[in-house]
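Dear colleague,

Please find the structure below. My notes on the ligand site follow it.

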Amino acid sequence: MASHTPSTEGCDAAADAIRALTSFINTSTLLDLAHRFSATYSDLARTSTDHFLVTPVTALPTGKEKGKFLSIDVGGTNLRVGFIELLSSDGPGNGDGRNAFARIKRSHDRDWPIGDHLKMDQAEDLFSWIADCIAEVVRAAVEESVKGSEKPLGDEILLGITFSFPMAQTHLSEATLLPMGKGFAITSDLNLGKMLLAGYERHCTNSPANGHSDLSRKQSLEPLPRIRVAAITNDTVATFASLAYVVKTAPNSRVAMGLIVGTGTNATVPMELKNLHPAKRKDLPNPDAVETVVINTEWTIRGTDKPLIDLNIKTPWDFTLDANSDAPGFQPFEYMTAGRYLGEIVRLVFLDVAPQEPGVDTPSSLQSKNALPTRFLSEVVARMHQDEIAKELETRYPATGWQSAYWTPARVELLQSIANAVQLRSSALIAAACIGLLDCVQDVTIDKVIESKQISGKGRTIQPNVEELVIAYAGGTISQYPRWLETCQTWIDILVQNGSEANASKRVVLREALDGGIIGAGVLAGMTDEIR
Ligand code: ADP
Ligand code: MG
């Protein structure tokens, strides 16, 4: 029994760690944080050329877009490919808009994990692999199409691309890659569409394929239809566009923002050009014709973490993680909030505070960087019963040497409480950032000085005619990590309610844009007449 009881010293260290991670999670500090995020965002929009980037999306979908498109979504972890058909708005699902997903027909959906070797490869190899995956999907669609129809997909397929990495864009159909982050080695300035089409080209001819897989050799036998890039966008913009297409709801509801929390995190919001650095105008094809443009905030890139430094919210483990990351200092906000890093924070904290006992060594398999994936925390540590967790942990991180079991109930409990604190912190930070961003574009208000009597602790009674501001979200972490979404919504509600009297008739709602990357790329491909 004694071995189950952490030493007093260990207990203190663990309690201190949980406090260090969560003590800022209270209404007044989060309001202060949201207010500072807002000021930082306004400043970066006006002065930085690395943040608050204009995108070619200067109009929102009307919900009337039509057509069949091939869509791909290149994420930090997964590649998704599929066909999207946008049916006419006279079809099923038109009405209050809530069932408008019925107007989107999907087919031949496939997904692939992006192997680590591909991330480290030359850009040509990564894009040639992506092109092979696209060819597999196109081939399946061609083969399934009605036999006898000579060119079932026509001469040319229109492609919508969601690409979850920074890019420079002046036209909807063109993009230049910028350094990628998220564990990808590619740093060069390459034309994204050209790279993809170059990889796909060999599938359009009868000549023997020079591809590296059996599959591509087989595919060379029958030429596939050509592809034309209609739209390229990032995942937050796609998520925003997909829900804006779908939510043609009551007049008191509108999609105000797009949010991704998956491998990484990012957000998108429409902004007026006059609030942006003048140099950003030249990135638009027709700046004099537009007032508002959808902005890719890149809200994780260095500079956005000023409020976290000023309020002393970063912990020693955040500094360690950042220093040991692939790109130290590059995306500090992401390192505290996104799926790629949550497990690593938990691991660092655990190694630091787990009580030491003579003769009991920490499992060696837990000692290496990234040994504790966020997905494991989500599927096992945050979800299962204690004894099941202990079993899973013992299998994955077995006791070292002669010890019988490392994962005592006390250690399992410690790991659970650290993971819980790290999840709470991620959700609360993103909630403050969302409200900061919505304050920055004046969709909600956070008063500069919050009177303590203003903070009610309890929710206000919701008024009838509330204006609903929708945050369209997507991503593995926000949608799958237990309690992540609920915690974030709870803090969003508290911040809106306590931020200002001016928010009395507003509600900010997180709503999932399921497969927003794939659908949004299709929707934008269908908008090429509206965006020029
Ligand atoms: P991408 O960033 O490639 O678009 P996703 O949005 O699906 O991918 O997010 C994948 C990330 O989400 C993974 O890196 C992981 O951190 C996290 N994740 C994956 N599965 C789960 C899960 N079951 N629960 C919580 N987080 C998950
Ligand atoms: Mg994604």
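Which element gives the most to the shell around ligand 1? That element is α12, with 4 residues; helices (H or I, at least four residues) and strands (E, at least two) are DSSP runs, numbered from the N terminus.

This is a predicted model, in which local features need pLDDT of at least 70, side-chain atom pairs count only at pLDDT 80 or more, and totals for chains, interfaces and linings use all residues. Residues are numbered from 1 along each chain as its sequence is written, chains are lettered from A and ligands numbered from 1 in the order written, and side-chain values use heavy atoms, without hydrogens and water.

Around ligand 1 there are 18 residues (a heavy atom within 4 Å), and those coming nearest are Thr-77, Asn-78, Thr-263, Ser-378 and Gly-476. By class, the shell holds 1 nonpolar, 13 polar (Gly among them) and 4 charged (Asp, Glu, Lys and Arg) residues.

Oxygen atoms of ligand 1 make polar contacts (N or O pairs within 3.5 Å) with a backbone atom of Gly-476 at 2.9 Å, with a backbone atom of Gly-76 at 3.1 Å and with a side-chain atom of Arg-80 at 3.1 Å. The protein buries 88% of the 570 Å² that ligand 1 exposes when taken alone (Shrake-Rupley, 1.4 Å probe).

Kind regards

Key: Polar contact = N/O pair within 3.5 Å; in protein donor to acceptor, adjacent residues only side chain to side chain.
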